[in-house]
Amino acid sequence: MNSTVPGAGVRTAEVESTAAETVGPVLSVRDLTVSFADPRGGAPVTAVQGLSFDLSPGEVLGLVGESGSGKSTVGLAVLGLHDPRTTTVTGSIRLDGQEVVGTEESALRGVRGGKAALVFQDALTSLSPFHGVGAQLAEMYRLHHPGTGRAEAGRRAAEMLDRVGIPTARTRDYPHQFSGGMRQRVMIAMALMNDPRLLIADEPTTALDARVQRQVLDLLGELQREHGTAVLLVSHDLGVVAGTTDRTLVLRGGVEVESAPTAELLAAPREPYTRALVGAALRLDSVPGTALPTVDEPAPSRTFRPRTVERPERWLVEVDDLSVRFPGRRRFPGLRAEPVRAVEGVGLRIAPGETLGLVGESGSGKSTTSRVLAGLQRPTGGRVLYDGQDVTRPDRELRKRLSREIQLVFQDPYASLNPRRTVAQTLDTPLRLHTPLDRAERRERSAELLEQVGLEARHLDRYPHEFSGGQRQRIGIARALAPQPRLIIADEPVSALDVSVQAQVLNLLMELRERLGVAFLFVSHDLAVVRHFCDRVAVMHRGRLVESTDRDQLFAAPHTEYTRELLAAVH
Amino acid sequence: MLSFVLRRTAQALAVLVAVSAAAFALFYAAPADPARAACGPRCDSGQVAAVRQSMGLDQPLLTQYTDYLAGVVAGRDIGDVDGSTIHCDAPCLGYSYRLHQPVSEALADHLPVTLSLTAGALAVLLVFGLGTGFVSALRHGRRTDRLLSGFTLVGASLQIYFLGYVAQWLLVYSTGLLPLPSYTPPADDLAAWAGGMLLPWFVLGFVNSAVFARLSRSQLLETMNEEYVRTARGKGLGRLRAHLKYTSRGAAGPLVQLIGLEAGVLLGGAVITETVFGLNGVGRFAAEAVAGQDLPAVVGAVLLAACFMVLFVALADLAVAWLDPRVRLN
Amino acid sequence: GSTTGSGGAGASAKETSPLTAVLGSEQESAGPAPAVPGARAGGTVNVYNSVEFRHLDPQKVYAGATYNASLLWGRQLTQYQVVDGKAKLVGDLATDTGTPADGGRTWTYKLKQGVAWEDGQPITAQDVKYGIERTFGKGYEVGPPYWPQWLTGEAGYEAARTKYAGPQAGDLDAIETPDERTIVFHFPQPQADVPYMAAQSSSSPVRRDKDTGTDYDRLPFATGPYKIVEHVQNTRMVLERNPAWKPETDPIRSQYPEKFVFTYGKEALNLNQEILSGRDGGANATTAADTLSAELYQTTDTDPKAKELVVSGRQGAFVTQLMINNQRVSDVEVRKALHLAYPRQQARQVQGGARTGELATTLSSPALIDWQKYDLYPVKPEGDPEAAKAQLAKAKQAPGSLTYAYRNTPTGQRVAQVLVEGFGKAGITVVPKPIDPKAFLDEVHRDGAPYDLFEETSSVDWPTPSTLIPFSFDGRAGSDINSALYRNPEVDKEIDRINQIGEPRAKAKELYALEQTVMKDMPVLPFAYPTVNQLRGSNVGGAFIHPIYGTVSLAWLYLKS
Amino acid sequence: MAVVDTVPGTAAGPVPAADPGPLRRILRDRVGASALAVVVLFLLLALGAPLVAALYGKNPVDHYGQNAPGLLSDSGLPMLPNGGISGDFWFGLEPGLGRDVFTQLLYGIRTSLLIAFAAAVVTTTLGVLVGVAVGYLGGITDRLFGFLANVLLAFPTLLLLLALSPVIQSRLVDPGTAEPEWMQFLVLILVFSAFGWIPLALSLRATVRSLRERDFVQSARAQGASRFHVVVHELLPNVRSQLLVHATMAVPTFVASEAALSFLGVGVTEPVPDWGRMIARGSEVFQADPTYMVFPGVALLLFVIAFNLLGDAVRDALDPRAGTAR
Ligand SMILES: Nc1ncnc2c1ncn2[C@@H]1O[C@H](COP(=O)(O)OP(=O)(O)OP(=O)(O)O)[C@@H](O)[C@H]1O
Ligand SMILES: Nc1ncnc2c1ncn2[C@@H]1O[C@H](COP(=O)(O)OP(=O)(O)OP(=O)(O)O)[C@@H](O)[C@H]1O
Ligand SMILES: [Mg+2]
Ligand SMILES: [Mg+2]
């Protein structure tokens, strides 16, 4: 997301002058190597190799790197939480002067939750669903303050929850009764229960909406400053790291690539990999519609034509007053819970060849709307016209046409491909259904499609799991292209991808759009991506359309308060 | 929660009615003639017809069934072979002409045996199955785990009728280490009750514990990898305490469901166990009723078994809901 | 083969009837019963039964084991006094075994003084009459049909009931009770077997005011040395001494134990184990009907202590035969070939060997009065396939395949295998046809049942041959009685002639002659006179197999300590 | 969970090593390989039973002990110790009929396997058809099925098998004619199939329900694929491993159930060799001749263990969590 946070550098200097130089480091990692034994007897996986770094009191260190680069492994190793039977940890990890590697389990218990605490990515899975949040906090306190009474611990827990903005009245509630942001705040409260010297936050905001993400990060920073806690912030998102950390360490394949003060690293990355990573991250100030730098191609050579879409004679898609309700859960015969109003009175237009971005936070009804367009969901009310024809009750003929002309690309590239079908079989289905080609011709055409998305014909007989995430998403795109559609509905097509892969896929989509003139409905919660890729943007909030305008206009002068908030969260 | 309970009860009742109808249709459609069986070998066709009439078997099947259901709810009068009528109190499951007894009474006579057998076996099975599962999971991948897993596998593969005889021979008849398997009402003599049931409990418990050991092991292993268990350990909780407090709670759901199922199955009559150990419980009763073509008794036993099954599965569901606030509070 | 088991099994090898004197005199009918040597009073005898007795209502009882057990609480006009394994019919409630007149058309009984119901009231002639009247009633078909048939002179039970429909229909004229102690039976035809019929349970008195209908089947009112004080169906029954019973009126029963406790529902193997081990009251226990389980043969054979606990004896007057459907296998030569090929010894081997019975050569059981052994066509016990083949060559037409119906039990299956192989050696193909055990009797006795062969164990109703040939080989009888469907008009004529004889021994003599005539046609193949082996606890004395009823006699038992 | 790739996202990056395939993986596992070996051995013995019997020189039907003197006592027990084990009769003689135990066991494998395999095939097929169809269709079909499954599951199965086998038998066989052997097999297969398919159908229904919402199914539907295509080409391949595991686990279950029914006296009848009946007979003579029960008992134990282990190995080999996904 955004990279240059004004003042980040200033803060770094400030911290260094006050804390880092006066006392020794809270955490000192030397030559850390972690490897996992393969339970099936294969070669062990080395997740982290020869890593060294220091963390001073009050300092915030960002640990970034793409998925699987070993970030979480480091975090767990610091607390000695790896299963000793399958994991080999060598090197040295000193926590406040105390060695962690090779230390007895019993000695580590005092460290965990006391000197050092953890916050994981997903608070719902990290909090026990069976115990009240207050109790979980109180337990944390009692474990490290033996002899404390239940009442006392409970009081402290309530206080701490209050500090993170959870009302005291809700301390008896269970995690599932809280929203994602609240849960994450509970996790933070729990971690800070015993004033730890070190806080390890492993992707603490990845599962959250941008807005909530901002709130949680702000809270974390506030508390950290107050308590003077050192923080190891693990993330794959440079944007998150940029606004929060003093120093950043880039990992790749378990090996350190580069480590520098954050501002410095973002402004002038030394290593090509870092440079690519920084470049690939979209910013709200980049030029929309340009080719993005990737790790392989840090300085993109290709350019795309500037896009112009005129108001057409006939809209490709016209949606009026669309509403979708899901029946509530059945309780007792005759009794039903309130229906879920997923979409209420939404109206949309898409011109041929146009790209419409659909943004909004989680659960706002984006996917539901796009499913209606794809004919996968029957609307409760409203009118949906495709090329002038009503698609809500299609006849055979129309259904066939729709299924040819509207294609889907999904968020999760692995889930959208049948793991038991080869690429050839996957591509064959739309061709068989919508083209008169015979078997051999279809195979030929499949190969062509693969080449179009930058894969090769030899990949035809492979299964999805034999591809990387980016490659899988390309297969998904190739499948969507197969019947030569006029509209592609892409539901979060890049959200699950690492930044650099995301850039590649966006480049591909832009290229195809230019070449084939397809219209796109591009669903995303990521405003930076939408801004870069779309011509027009529609904003949804709680099932309603709150704004729908030209891209530049939206980002320059948002109409509604909600949009403004969304944009603010990104900055 | 209340609506959950109500819905579950309604479901259970519907299932029971369907089971009774199916059992009724199935058994009464069988070629055996209950009237002939009740009348005895010297009866001629006229007498059989008379008996059939007094037993109500000349009525259409549907009428018989509705009478039966009415009897279950309110009790009814039933004609005997000799033309006299017998009153059968609710819940009336019919009258057994083989035993000269209302089926519900006969079942009530046999139920304590099966209850005792089930309760003890269930206890053995839980202690042993869950114990080994827990230890296996804790010692995952080590020798103890492999040893225990092997042991439970052998248990799962052993047949009660084989193990039962061998164990009886070894422990009772040739060495006299254990008392003869038998049922004494616990109210009469608690020690004799436990002594007589000891071997059946252990054999039945052991053979069935394998399923539990395996399920609890895999459930615990799965839960152990849950993030919240890792969080708990990250708090500074010891391994054992973390597993006892968090892992076992998380793994409990499917186990409770399996316990409910198992209790239901066992209460429905462990025919083979009761045969092997010569215990006169519901299982043997039912098997004998089948052999004796005593249809009311068969249908009664089937219904009783289904009742237990439905009841315990429903109880397990409730327990799971109670254990898991996510279900309870929805 | 050698005889295994305890000394009792040897009894089965005796070749004369155990009935010493056929009918006892008036002195012999007077009480008390001959003392059982070594007996002492007191204690509780446990009686283990895997299944409950089917009926206790005396007019419904029709099974040897129940006859035998009911001696404890029920008395009849006559009964068998057993001394040293020999039975003698004596007067029980009656002063003697009955006085015939009118060539057997009138029989008079006189009740003893001092015989009483459990409440102390005297047993009257009316009570006896009422009991017999009940056998006509609805619901009493399950008992023997003889009283209705004889008293009305009708051959069929149903026909008899149309003449008199039971006590509800009023008084039965054929029985006269001139005073409280005298009963006079009037029969349209001469009846020789009345003293034996009078010993049947259905001749027991029932007091009209105590007749509880269906419930009488659970709690009959006692006349014998014990009364039923508790009876939980299919679970247990407790008998206590009946103070109203006077030993001096009873020439048969004694009253040694304090109590009898019947337990029902245990698996046969388990209750036998319990008795063998002597644990949990097993030492004071006996079975009433359950025989020694095959599983325990080895133990009782090898362990002398266990061997001592086996009580063996002939199973009353039962005979096991391989039935041949004479309509389907009508050629006598074929039947003789079957007889020659019959692998009797092997069939017995798979059932447990000699302990299960002695191979038979006659239709009648050695238990009958004046029985004599004969063997018309001697053959090797393991069968003689060569001789059978030669015999078969004489047949007009060789049989195709023969269907053998059997009870689908493990033993039944094994015997079937033996027959398939044994007859196969003689070139006779046997197709085994398993039948659900409970449906077996109905199925094989059904009209037009399509089976050529099946095994049947049956018994006469009392130890004279009167109910053998005249029933089972009467060509006019249906397949339910004449299982072999044997038709021989000569024999039928003989039957009618002999039935007019009113004197039992003379009648028996004629019947034995007729039996050999029938045997010449080889309508069925005698297999064995079955032996019963039962267990009694080590503390139980006086146990023997009742020569007539074929189970351990409870009424003679005592506890050694 | 988002599936992530460890491969640097180049257009034609290195591709992970090819999946070794389930069979290879089972073979690599020592326990799995031995289980497979035992199972294959049993299969070979079943198939080659006549050949083995011919080489050994005995058959399972002759009453050796009854026909030759000196082998069985009068009461039918083998004269030699250990159930009459000798050079002629490797596993001894059957008490009573005096047949050869070795060939009985050998042919008993055939009985067990034939019934178990057939029942496994029928239940698996039925389970797949119903489970997948119901899971995919959802709605009222689904609720009806759910109810039916509840009702069927509430029935005490063993009791029903006991009660039904004779009924079905008497319905199918004309009382006058001898019952053909295949009929007994058919009846057993039928009664096992009547209940055996439910658990599979239930678990498949759950799987398919979750698969149905998966993107690749949605994608196929959006492309206008027919229901048939979705079920057969998209869904079925994904439940394949579940099927395989079910089928492997079903075989030992049915073998044990068949033996149990025979033990209770409603299984296959003489002279078809059968383990359950051998055990039942063995339990009768156990105190006198324990050998006769031990052979079928141990054979059954081995067989069931081997199949269970194989089932575990198949499950491990096919478990997506075990490694293929990444
Ligand atoms: N318990 C384990 N056993 C075996 N391999 C593991 C284990 N945990 C992690 N790995 C492997 O170690 C490597 C690093 O994993 P890690 O979880 O540290 O990555 P990450 O950078 O946190 O990725 P992500 O962004 O997806 O969370 C990966 O290849 C992973 O597959
Ligand atoms: N099949 C369904 N049954 C019931 N409710 C549903 C169903 N599908 C979606 N919803 C509800 O409809 C609302 C809108 O869902 P939708 O998936 O369209 O949101 P979204 O904007 O795509 O969110 P995200 O960014 O998380 O994908 C949500 O509250 C969701 O819980
Ligand atoms: Mg991670
Ligand atoms: Mg969505």
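1. Which polar side-chain atom lies 2.4 Å from an oxygen atom of ligand 1? That atom belongs to Thr73(A), and the pair falls under the term polar contact, meaning a pair of N or O atoms within 3.5 Å (within protein, one must be able to donate a hydrogen and the other to accept it, and residues adjacent in sequence count only if both atoms are side-chain atoms). Taken on its own, ligand 1 has 630 Å² of accessible area, and the protein covers 64% of it; such areas come from the Shrake-Rupley method with a 1.4 Å probe, and for residues only the protein chains shown count as cover.

2. Before reading further, please note that this is a predicted model, in which local features need pLDDT of at least 70 and side-chain atom pairs count only at pLDDT 80 or more, while totals for chains, interfaces and linings use all residues. Residues are numbered from 1 along each chain as its sequence is written, chains are lettered from A and ligands numbered from 1 in the order in which they are written, and side-chain values use heavy atoms, with hydrogens and water left out.

3. The shell around ligand 1, where a residue is near if one of its heavy atoms lies within 4 Å, includes Phe36(A), Ala47(A), Glu66(A) and Glu203(A). Its largest share, three residues, comes from helix α2 (residues 71-78) of chain A; helices (H or I, at least four residues) and strands (E, at least two) are DSSP runs numbered from the N terminus. Two further contacts to oxygen atoms of ligand 1 can be followed in the model: a backbone N or O atom of Gly70(A) is 3.0 Å away, and a side-chain N or O atom of Lys71(A) is 2.9 Å away. By class, the shell holds two nonpolar, six polar and three charged residues, where Ala, Val, Leu, Ile, Met, Phe, Trp, Tyr, Cys and Pro count as nonpolar, Asp, Glu, Lys and Arg as charged, and the others, Gly among them, as polar.

4. Turning to ligand 2, its surroundings include Phe326(A), Val340(A), Ala342(A) and Glu492(A), and the shell divides into three nonpolar, six polar and three charged residues. Both β12 (340-350) and α12 (366-373) of chain A supply at least two residues each, with α12(A) giving the most, namely three. Oxygen atoms of ligand 2 lie 2.5 Å from a side-chain N or O atom of Ser362(A), 2.4 Å from a polar side-chain atom of Thr368(A) and 3.2 Å from a backbone N or O atom of Ser364(A). Alone, ligand 2 exposes 630 Å², of which the protein buries 58%.

5. Chain B has 14 helices and four strands, and its C-alpha atoms fill a box of roughly 85 × 60 × 35 Å along the principal axes. An unreviewed UniProt entry annotates "transmembrane region" at several spans of chain B, among them 113-135 and 147-171; UniProt positions are given in the numbering used here, feature names are shortened, and annotations may be inferred rather than shown by experiment. In the model, residues 113-135 of chain B are 100% helix, with end C-alpha atoms 32 Å apart, whereas residues 147-171 of chain B are 92% helix, with ends 24 Å apart.

6. The structure holds zero disulfides over all chains, a disulfide being a pair of cysteine sulfur atoms within 2.5 Å. For Cys307(B), the nearest cysteine sulfur, that of Cys92(B), is 14 Å away. Cys307(B) counts as partly exposed because its relative accessibility is 34%, and Cys534(A) counts as buried because its value is 0%; buried means under 20% relative accessible area, exposed over 50%, and partly exposed in between (1.4 Å probe, protein chains only).
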